[in-house]
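Welcome! Take a look at the structure below, and then let us walk through some of its features together.

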Amino acid sequence: MADWAPIAKEYDPLKAGSIDGTDEEPHDRAIWRAMLARYVPNKGVTGDPHLTLFVARLNLQTTEEKLKEVFSRYGDIRKIRLVRDLVTGFSKGYAFIEYKEERALLKAHRDANRLVIDQHEIFVDFELERTLKGWIPRRLGGGFGGKKESGQLRFGGRDRPFRKPINLPNMKNDFYGEGSSEKRNWSREGTRDWRTRDRDHERSRDKRWPERERSWAWGDSERDSKEERSRGRERKDRDRKDRDRDRSRDRDTKKQRDDDKHR
């Protein structure tokens with residue numbers, strides 16, 4: 001925790017894939033690709049990397065002239081390189097701007113970030129390809145930032161800095177009595193307290209035992225009364241059925257007599 005910083009000082013794909021830089025296993029395939037990649041910065045890039053800005057999230061219609069018009073407010077520009085597709089020649093949405101003085105670079109880095117150019121909010125940071133050790137570009141699974149939709153968020157950069165890890169205390173040592181020497185050295189008084197506590201517990205258990213027996217006996221008597229009530233209900237049902245059967249017989253015999261008289 002002493003050397004923790006929100007911005008990465010050395011690029012590690014595994015740490016960049018973690019919100020606080022403490023992950024030990026990659027959580028997506030892109031991190032695996034970045035960890036296995038052996039990237040070498042483009043040798044064709046010229047200029048001073050410590051005086052170069054990286055500008056991203058540009059409108060695809062933004063040109064070098066528009067970038068020069070906006071970024072020349074902060075100081076003299078030495079070179080602008082808008083990255084384009086080799087086949088189509090269309091802009092890829094990011095560029096590199098090299099200044100002549102460090103003062104202009106720092107001012108643009110501070111003030112131009114989140115500036116709106118051609119209806120697009122841009123992102124500005126220092127160049128990392130040649131200045132950050134171990135850098136892996138986004139196309140190989142590395143980089144910083146990223147979109148939530150892709151599920152490949154990267155942390156440790158200006159856009160999404162690391163969150164400070166939670167420094168939890170070591171609970172295991174205290175739980176097992178491995179903390180300070182005062183906790184480990186039990187006195188005789190402490191052992192006597194444990195003995196008296198056990199003795200009290202035994203006495204209270206003996207007191208509770210008759211109460212449990214009474215409760216069990218009460219439970220048995222209650223169960224017997226329920227069985228007697230159920231037997232009484234069954235007896236009443238049988239008597240009612242017998243009475244109904246006798247009544248139906250009386251009605252049948254009376255009807256038979258009436259029929260005999262009419263004949």
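This is a predicted model: local features need pLDDT of at least 70, side-chain atom pairs count only at pLDDT 80 or more; totals for chains, interfaces and linings use all residues.

Although 151 residues separate Pro 6 from Gly 157 in sequence, their C-alpha atoms are 7.7 Å apart in space.

## The overall plan

Now let us step back to the chain as a whole. Its secondary structure consists of seven helices and six strands. Read from the N terminus, the order of elements is α-α-β-α-β-β-α-β-β-β-α-α-α. The chain has 263 residues, and 27% of them are buried.

Which residues of helix H2 (residues 29-36) are buried? They are Ala 30, Ile 31 and Ala 34. These residues lie on the same side of H2, because the arc they cover around the axis is only 100°.

Arg 29 and Leu 36 are exposed, and they are found on the other side of H2.

## A charged patch on the surface

Our last stop is a group of acidic residues. On the surface, a patch of negative charge is formed by Asp 244, Asp 246, Asp 250 and Asp 252.

Let us pick out one of these, Asp 250. Asp 250 belongs to helix H7 (residues 188-262). Is Asp 250 buried or exposed? Its relative accessible area is 52%, so Asp 250 counts as exposed, the cut-off being over 50%.

Key:
Residues are numbered from 1 along each chain as its sequence is written. Side-chain values use heavy atoms; hydrogens and water are left out. Patches are made of residues with over 30% relative accessible area and no salt bridge: like charges are joined within 9 Å, nonpolar side chains (Val, Leu, Ile, Met, Phe, Trp, Tyr) within 5 Å. Accessible areas come from the Shrake-Rupley method with a 1.4 Å probe; for residues, only the protein chains shown count as cover. A salt bridge is a side-chain nitrogen of Lys or Arg within 4 Å of a carboxyl oxygen of Asp or Glu. Lys and Arg count as positive and Asp and Glu as negative; His and the chain ends are not counted. The place of a charge is taken as NZ of Lys, CZ of Arg, CG of Asp or CD of Glu. Helices (H or I, at least four residues) and strands (E, at least two) are DSSP runs, numbered from the N terminus. Buried means under 20% relative accessible area, exposed over 50%, partly exposed in between (1.4 Å probe, protein chains only). The arc is that of the directions from the helix axis to the C-beta atoms.
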